[in-house]
Amino acid sequence: MRLFLVTLLAALLTAAMAAADVSPEELYQPCASCHGADAGGNAGLQAPRLNHLRPVYILAQLDKFQRGLRGAGDATAAAQQMAASVSMLPPPERWPELAHYISELASGPSAATLAGGDPVLGGDYFNQFCGACHGPAAGGNVALNAPALAGADDWYLAAQLQAFREGQRGQHREDRSGRQMRNMARVLPDQQAILDVIAFIRSQPQ
Ligand code: HEC
Ligand code: HEC
């Protein structure tokens, strides 16, 4: 009986969120507690900036988190936390509006937290290994599913490269774009190269 009530309540909540009179801003409210009201990110919670991303990439990642292609298995604690947060999402038919709302938010560039990267050396690595998919100025390439990196938090870029290298992201068989990136993350020779590439990405305009 208790379970039935809980299920009923959840169904009612979902129905309420699906209602057309709930604005995209309201749909974003539960997300703001981690990602910030302007989607500028919160380093303390390991929740990244989202407002530099295109809606199509946001949608793809929400779908991956919900289907367990990202944030499951051996994923990092941060990714597991996001995977658990998909319960706060409205029904899928409202995701496009939510993603569009997020991508329209604005915030200043996030503060640098990593030191010691050489943007010139990083530019060489980037042109050689990354630009073909992410674009010469790290603006992303929709046709290749490659997200914009310019504008992202430096700590988040480092954490994701690490996760791809360790097989904590992009490991799922059905995660084709993640697997592609996983192979690419391994071409950077060492930690210094990662810092250099991130310094280059951070030097590019959003
Ligand atoms: C409890 C905190 C928390 C809440 C609530 C939360 N997120 Fe997240 N989110 C995270 C963390 C942490 C990550 C980073 C995951 C990782 O490191 O792989 C993340 C990652 C993401 C990403 C992937 C970004 C990228 O560049 O790939 C998207 C998109 C996202 N969240 C959207 C949302 C939306 C939309 C909501 C509201 C339904 C939401 N999040 C609610 C913590 C949260
Ligand atoms: C073959 C195309 C390709 C190449 C080359 C490539 N990437 Fe990616 N990258 C992708 C794709 C596709 C994704 C999205 C993965 C997903 O959907 O989970 C991605 C995701 C990322 C992410 C996660 C961004 C986020 O918001 O979560 C980072 C960081 C990244 N790439 C950095 C790099 C760097 C640095 C290089 C060069 C060493 C590189 N990529 C080379 C295709 C590529």
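## Asking about the labels

Guide: At 28% relative accessibility, D63 counts as partly exposed.

Visitor: What makes D63 partly exposed?

Guide: Buried means under 20% relative accessible area and exposed means over 50%, with partly exposed in between (1.4 Å probe, protein chains only). D63 has 28%, so it gets the label partly exposed. Before we go on, this is a predicted model, where local features need pLDDT of at least 70, side-chain atom pairs count only at pLDDT 80 or more, and totals for chains, interfaces and linings use all residues. Residues are numbered from 1 along each chain as its sequence is written, chains are lettered from A and ligands numbered from 1 in the order in which they are written, and side-chain values use heavy atoms, leaving out hydrogens and water.

Visitor: How do you know that R67 forms a salt bridge with D63?

Guide: A salt bridge is a side-chain nitrogen of Lys or Arg within 4 Å of a carboxyl oxygen of Asp or Glu. The closest N and O atoms of R67 and D63 are 3.0 Å apart, so the pair passes.

Visitor: Where do R67 and D63 sit, and how far apart are they in helix 3?

Guide: They are four residues apart in helix 3 (residues 55-67), which means about one helical turn separates them. Helices here are DSSP runs (H or I, at least four residues), numbered from the N terminus. E174, on the other hand, lies in the loop between helix 8 (154-166) and helix 9, so pairing it with R67 ties together parts 107 residues apart in sequence.

Visitor: What makes E174 and R67 a salt bridge?

Guide: Their closest N and O atoms are 3.3 Å apart, so they fall inside the limit too. E174 counts as exposed at 52%, while R67 is partly exposed at 47%.

Visitor: Why is the arrangement around the iron atom of ligand 2 called octahedral?

Guide: Six donors count as octahedral if opposite donors are over 155 degrees apart and all others between 65 and 115. Here the six donor atoms subtend angles of 88 to 179°, which makes the arrangement octahedral. Ideal octahedral angles are 90 or 180 degrees.

Visitor: Which are the protein donors of the iron atom of ligand 2?

Guide: H134 (NE2) and M181 (SD), lying 2.0 to 2.1 Å from the iron. Donors are N, O and S atoms within 2.8 Å of the metal (3.2 Å for Na, K and Ca), so both qualify. H134 lies in helix 7 (residues 131-134) and M181 in helix 9 (residues 176-185), so the pair ties together parts 47 residues apart in sequence. H134 is buried too, at 10%.

Visitor: Why does Q204 count as buried?

Guide: Its relative accessibility is 19%, so it falls under the buried limit. Q204 lies in the segment after helix 10 (191-202). Not counting residues up to four places away in sequence, it touches A137 and A150, where contact means heavy atoms within 4.5 Å.

Notes. Helices (H or I, at least four residues) and strands (E, at least two) are DSSP runs, numbered from the N terminus. Four donors count as tetrahedral if all angles lie between 85 and 135 degrees; four count as square planar and six as octahedral if opposite donors are over 155 degrees apart and all others between 65 and 115; anything else is irregular.
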